[in-house]
Amino acid sequence: MNVSRRDLFRLGAAGSGALVLSMTLPGCASRQGREPSHEGGWAPNAWLELDPEGNVIFTLARVEMGQGTYTGITTLVAEELDIPPERIEVRFAPVGSDYTNPQYQLQVTGGSTSLRTSWQPIRAGAARVRHVLVKAAAAVWQVKSEQITTRDGAAHHPDGNQRLPYGDLVSLASRQSLPDEVELKHEDDFRYIGRHNRRLDARAKVTGEAVFGIDVEREGLVYAVVSRPPMQGAWFESVEDAEARKMPGVIDVFTIDRGVAVVAETYWQARKAQEKLDIRWDETDAVTKDHQAVFTQYRRAADDSSGDTERSEGDAMGRLEATDDRFEAEYEAPFLAHATMEPQNATAEVTDIGMQVWAPTQGPDMARIAAARVSRFSPDEITVHTTFLGGGFGRRLTQEYVEEVAAIADRVERPVKLIWSREEDIRHDMYRPAMLHRFRAALDGSRIQAWDHQITGPLIFDWFARNAAAAQYPWAPKFLYNTLASMGRMTEDTFLTPKDHSAIEGAVEYPYDVPDIMVRHTHADAGIPVSYWRSVGHSHNGFAVETFMDELAHQAGEDPVAFRLKHLADMPRHRRVLELAAEKADWSGPLPEGRARGVALHRSFGTYVAQVVEASIENQRIRVHRVVCATDCGQMVNPDVVRMQMEGGIIFGLTAALYGWIDWEDGRLQQSNFHDYTLMRQDETPEIDVILVDSDEGPQGVGEPGTPPAIPALGNALFALTGDRQRRTPFSAGTANA
Amino acid sequence: MSRSLRVNGTDHEIHSDGETPLLWVLRDELGLKGSKFGCGIGQCGACTVHIDGRAMRSCITPVQEVSAPVTTIEGLATEAGLHPVQEAWIDHNVPQCGYCQSGQVMSAVALLEEEPNPDDERIRRFMSGNLCRCGTYPRIHAAIRAVADGGDA
Ligand code: FES
Ligand code: FES
C-alpha cells in the first residue's frame, strides 16, 4: 500500500546530531471539523526523533493517553521502523503556545478513535524514517538500498555479517530527502502489529512510579478544596468563614465562580477547614427533579412530540397503525456517574510567563480555554501538561476541575493542587444521560415487518459546548467564549458544528433486515448536566434495542440467536461474531440447575461484539457466572490489549446493569461514595472468555464496544431464568427461583 | 509536636497533626505518591499499605495510631528486583489506567504472605476490598494464581 501525503511529513536535524521527522497527524477526535490547512505554515503535532546514541523518542502533542494508546501507537512506529517497541520512548507534549496550531480544530481523545485515525499516518511516517536510514546505510556500504534489510533497530548488510545500528546512521540519514511515497509493510511481514502484547506502561504502574494528575509535585505546593452548590442550579449567597480561617495551615478562603475555595498548606488541613465553613446557597432556581420526575417529563415530551426523524425506511408508521398485531415496550436508562478511580483534580502555577496547568484530562485544548476563561491569562499564555489518567470513560472530556484550579492559582499566586473528594466527584459529575425508549414493532410470523424506535432525552453537546466551542477558535477574544458556546449549540448540524449523535448512536445503525424502519429522537432536557460516558449513546441504545429484539424473538416463539441470524442475511460480520459467541458458549447445550443464558449483539465504534451471558439468582442476588464475548475489531495491533479492553468494558457494563443508579431527593444527590454507588468487585466477577476474530479490515475502536452488549445480554439471561423482562437498569432480582 | 514513623525501612520525623490519615502523611509529607486516594472511607483499597505486614487502609488510619513499621508500594522491590507479585502483574498485563494497582498489589502481597497457596474462593474474597473501575479483576486473579502456583511468593 502506498501513502503519498508529502505535505504531512518533514525531515530535519536537531542540535545534538539527531534526526527528527515531524508530522501532522489527523485529529484524534470524534467531533472533528475540517482537516488542517497547510497553506499557513508548517505546524506538526508529532515528532519522531532518533539520536546518535540510539535513542528513539516519539512525541505526540495534544494527544492524551487513553487505555492502551501508549502501547498501540508505539507498536505502529516499531513495526515500520523495525525496532522492538520496548526501545521506543513515548512522550506526550504539553498543549501550549509552542505547539499551537491555529488551523487545527478541537482535539480530544475519545470515541475510541486514537488507533483508528493514527494507523496510516504514523506507520507512513515511521516508514519514511526507515527509508532514509536505509539510504544512509546504502551510501556507507556502497550497495543498493534494496539489498539492505532492517531489524532490531539496525540496518543489515547483504553479506549477512555487517550491521549498522540506527544511531550510527542518523546524521547521514537526516541529510537525505524524504520519499514522496513509501511502501508500508504487508501484514504477512508484521513482526509486532498483531503480535506485540506487552503493555509498555505496566512496570511504572505496578511500582507506584506512574505519575497521575493527583501525584504532580511542585516546589512550594499548596492545596485547595472547593465547596460547590449542593443542588444543580443553586447559587452562592454568602459565607461565614471566620472559623475556617483560624484552622491550622489555612492560607486563604475566597469565592470563585463554582463555589467557595479553601487553600491550605496541606490537603488534610484544607479539608478540616472546609468543614468549618458556613455557606448559604440561593436555591431559588435549583433543579429539584428526581428520577421519577425526569421520566414524567420525558414521557410527556414523547407523547407531545413524535420527534426528529433520524432514519426512515418504508412506511413503519403506516404499517404499525394498520395492524392490530402490534407489539410495544418502554425502557428506562438512568443517570450514571463515571466514578473514575482517580477523583478529579488539577494543579496550576502562575509564573512570569503565564500559567502552567497539570491535569489528567482527555481534552487539553479545552482545559486551556477553561483556564483562560477564569484567569487573567489568554490561551497562548497557558500551557497544559497532561499526566497519566486514573480512568477516563469520558469524565475528563469536560474541564470543571481545571476551571476551578486556574481561578484559585490566579489568586493565590502559589502552585496549587485541587483535589475533589469521592463525594464531590460523584455529586458534581456530568452524568450519562437518563433516556426513555419506546418501541413498536409488527411481526409477520417469525419476521419483523416494522420497527419504530423513539428515543427521548437530552443532547450531550448542549452541555459540552461551553469549552468545546471556544477551543475550536483559540484565537477568539475571551469575551466571545459564551457567544461561541451558544453558537456551538445553535449551529449544531451545520458546517460549523457536526451533528450530535449522542442520543441516537447505536439506534440509527439498527442492523436487522426489516422492511419498514423508523428511528426518531424527541428532545427533552431535565437541566441535569450530562456528558460522554463509556460508549455514550450505545450504552442505552444497545440495552434497549437488544432487549426489544429478545422480546420479539420470544413473541415469535423463536430462539434468540436463530431469530437474530434470520434478520442478518446480508451482515456477514455481525453474523460471524454472533455465531462464534453462541458456539463457544454452547448456546443450546445443557446448563447447571438454576442458570440461564442470554445473548446480545451490538456494533459500536466500528467494532462488532456479540456476548452470551450465563446468570443465576442466588439469595435474591443476581450472579453472573460466565461471559463469552466474540469481537471483530478489524486488524488488531495488540491483541491482548483488545482482550483486556473487552474484559474491562464487560465489567463496566455489568456494573451498570447490576448497580448503576443516580438519583436526587429534594434536589440533593443521594449517592456519595462507593458504599452507595456500587461497583462490581472481585468476588462477583464472572469468568470472561474473549474470542478475537482475525480480520484485515482497518483497526477499529476497542475501548468502548465491550460495554453495550453486556447489559442486554444479562437482562435477556434473567428473562430466560425468571420470565420477567428487565426493561430498566439496574436489573432487579425480582421473583427469585433459587 | 513531631512523631516518628518507620516507612520502607527508614525512620522519619513526622510533623503532620496526629489525626491526619497515614495516606496524606505518606503522600504529601514524605512524597511517597504510590499509595492512592480513591474514596477516603475504606471502601476502595487504593490506599492499601502494610502496617506490620498486614494490609491496611491508610486513608482511615490516623498517623498517631501507627506504631509499627509501614511498607508502601515503593518499598516492595528489593536490590534483587521487583517482587514476584509485581512481575506477575506485568506478565499478565494487569494494569489498565493503573490507578488502583498499587493497592491491588499491596493486598495481593499481604494475602500471599498470610497464605502462600490460597484457593480461588479465598483470592476472590480477600481481593474484594480493592475496587478497579477498569475491570482488571480477571487478570488480578490470574496473576495471583500464577504466583501461588509457582510457589515463590
Ligand atoms: S482511599 Fe482508602 S480505601 Fe479508598
Ligand atoms: S486499572 Fe484503572 S482502576 Fe484499576
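I began with strands 25 and 26 of chain A, which run antiparallel and are joined by 10 bridges. Strand 26 covers residues 607-618. I looked up one pair: Arg603(A) has Tyr608(A) in strand 26 as its bridge partner. I keep in mind that this is a predicted model.

Next I traced the whole sheet. It is open, with 4 strands in the order 25-26-27-30 and mixed pairing. Strand 25 (595-604) and strand 30 (687-692) of chain A each have a single partner strand, so one side of each is left without a neighbour in the sheet. From one strand to the next, I noted an average twist of 15°.

Then I asked what lies across strands 26, 27 and 30 of chain A. I found helix 17, residues 639-658 of chain A. Helix 17 runs at about 135° to strand 30.

I turned to the interface of chain B and chain A. Here 47 residues of chain B are in contact with 56 residues of chain A. The two chains bury about 4,500 Å² between them, and carbon and sulfur atoms give 57% of that area.

How many salt bridges cross this interface? I logged 5. One joins the side chains of Asp215(A) and Arg27(B), at 3.0 Å from N to O. I also logged 25 residue pairs in polar contact between the chains.

Which helix of chain B gives the most to the side that touches chain A? I found helix 5, with 5 residues. Helices 1, 2, 3 and 4 of chain B are also among those supplying at least two residues each. By class, I noted 21 nonpolar, 16 polar and 10 charged residues on that side of chain B.

Note on methods
Residues are numbered from 1 along each chain as its sequence is written. Chains are lettered from A and ligands numbered from 1 in the order in which they are written. This is a predicted model: local features need pLDDT of at least 70, side-chain atom pairs count only at pLDDT 80 or more; totals for chains, interfaces and linings use all residues. Side-chain values use heavy atoms; hydrogens and water are left out. Two strands pair if DSSP finds at least two bridges between them. Axes are lines fitted to C-alpha atoms, for helices over the stretch in contact, and angles run from 0 to 180 degrees between N-to-C directions. Contact means heavy atoms within 4.5 Å. Buried area is the accessible area (1.4 Å probe) that two parts lose on being put together, summed over both. A salt bridge is a side-chain nitrogen of Lys or Arg within 4 Å of a carboxyl oxygen of Asp or Glu. A polar contact is a pair of N or O atoms within 3.5 Å; within protein, one must be able to donate a hydrogen and the other to accept it, and residues adjacent in sequence count only if both atoms are side-chain atoms. Ala, Val, Leu, Ile, Met, Phe, Trp, Tyr, Cys and Pro count as nonpolar, Asp, Glu, Lys and Arg as charged, and the others, Gly among them, as polar.
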